[in-house]
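Please keep the sequence and the structure in view while reading.

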Amino acid sequence: MKKKIYIAYTGGTIGMKKSKKGYIPIPGFLQKQIKNMPEFYKTEIPIFIINEYRPLIDSSNMTPKNWKKIAYDIQKKYKKYDGFIILHGTDTMSYTASALSFILENLNKPIIITGSQIPLSEVRSDGRQNLINALFIAAHYPINEVTLLFHNKLYRGNRTTKMHANGLNAFSSPNLHPLLEIGIDIKYIKRKLPKKIKKNLIVHNISSQPINVLTIYPGISNKIIKNCLLKPTKGLILYTYGTGNAPQNKKFLMQLHKAAQKKIIILNLTQCFSGRVNMNNYFTGKTLFTSGIISGKDLTLEAAITKLHFLFSQKFSFNLIKTKIQKNLRGEITDSS
């Protein structure tokens, strides 16, 4: 029997139509395009239905409220379908992929997020191949976690980041190889496959939380740091140099120490495209550790932000959040062993 795949169309470039004001989302337009493309109805392609969200949104307008809507939509359809595809704009696709990985626990069906850089209606659209690949992979090569498919690669969703504004190879996974590569053959990349889960799906709550992101740069003002730590801030992501280094300005370090004492979660991430934070490498990193700063290890910025939204939303204690932010919950962190 053919598998049945549910497509949640949230918006994004893939379904947009060219107008005098630029590309805009048009209700029903994507479905009309797909009906005129016979490749979507080949024998190898699973049965699929498309649920178009109202209103369609540009992904730059995505919020935790939208993540929750997508998660609950999947929950309602979970028993009826063999897999799920989320059509999404590229700007915040990695944020949504990361967030859904934390919200949805005990997945035993594939969830693939994809979209395009060029609308499906255009001759050179990458959306056609991305969606066909997503349907084919969901049916024939299912990986039961939240993944992101783009430009012939399937990535773990919470390991991705958008790296190219214009290129068709828009996404990368800095610290984890793709799960699949799609060429003449479809290849699983050597990796540890997640165990089959027999537990019921759990959909966790998530809501918007007061989190700041501060990029460290030469000559940064102490006033900027101080303002980032004002109430109602509950979490601060420090984007530091190299393996987690920052200036040794006494006022700067004192502000961080006081904030940590006030139970503000301060997470140290590297500005480098790949690699991980290790605050034991240099004295400039050790001083952050002694000030109460937590290592973000090799979390992407998208995974760190969404994980903090998720953890704060569960109303865990400060100490439990400190533990869980460094713990590998959904494959978002590379084990150092």
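## Cysteines

C272 is partly exposed, with a relative accessible area of 40%, whereas C228 is buried, at a relative accessible area of 14%; here buried means under 20% relative accessible area, exposed means over 50%, and partly exposed lies in between, computed with a 1.4 Å probe on protein chains only. A search of the whole structure finds 0 disulfides, a disulfide being a pair of cysteine sulfur atoms within 2.5 Å.

## Basis of the model

This is a predicted model, in which local features need pLDDT of at least 70 and side-chain atom pairs count only at pLDDT 80 or more, while totals for chains, interfaces and linings use all residues. Residues are numbered from 1 along each chain as its sequence is written, and side-chain values use heavy atoms, with hydrogens and water left out.

## Salt bridges

The structure holds 8 salt bridges, each defined as a side-chain nitrogen of Lys or Arg within 4 Å of a carboxyl oxygen of Asp or Glu. One of them joins E52 to R54, with the closest N and O atoms 3.1 Å apart; E52 is buried, with a relative accessible area of 9%, whereas R54 is exposed, with a relative accessible area of 59%.

Another salt bridge is formed by the side chains of K77 and D73, at 2.8 Å from N to O. These two residues are separated by about one helical turn, because they stand 4 residues apart in helix α2 (residues 64–77); helices are DSSP runs of H or I with at least four residues and strands are runs of E with at least two, numbered from the N terminus. K77 counts as partly exposed at 24% relative accessibility, while D73 counts as buried at 8%.

The side chains of D298 and R159 also meet in a salt bridge, at 3.7 Å from N to O. D298 lies in the loop between β18 (294–295) and α8 (301–313), and R159 in the loop between β9 (153–156) and β10 (161–162), so this pair ties together parts that are 139 residues apart in sequence. D298 is buried at 4% relative accessibility, and R159 is buried with a relative accessible area of 3%.

Strand β17 (residues 265–270) runs parallel to β18 and is joined to it by 2 bridges; L267 has I294 in β18 as its bridge partner.

## Helix packing and burial

Where do helices α6 and α7 meet? Residues F252, L253, L256 and H257 in α6 meet T287, L288 and T290 in α7, contact meaning heavy atoms within 4.5 Å. The residues of this contact divide into 4 nonpolar, 3 polar and no charged, with Ala, Val, Leu, Ile, Met, Phe, Trp, Tyr, Cys and Pro counted as nonpolar, Asp, Glu, Lys and Arg as charged, and the others, Gly among them, as polar. The axes of α6 (residues 250–261) and α7 (residues 283–290) come within 9 Å and cross at roughly 35°; axes are lines fitted to C-alpha atoms, for helices over the stretch in contact, and angles run from 0 to 180 degrees between N-to-C directions.

Helix α3 (residues 93–103) is mostly covered, with 10 of its 11 residues buried; among them are M93, L100, F102 and I103.

Definitions and conventions: Pairing = 2+ DSSP bridges.
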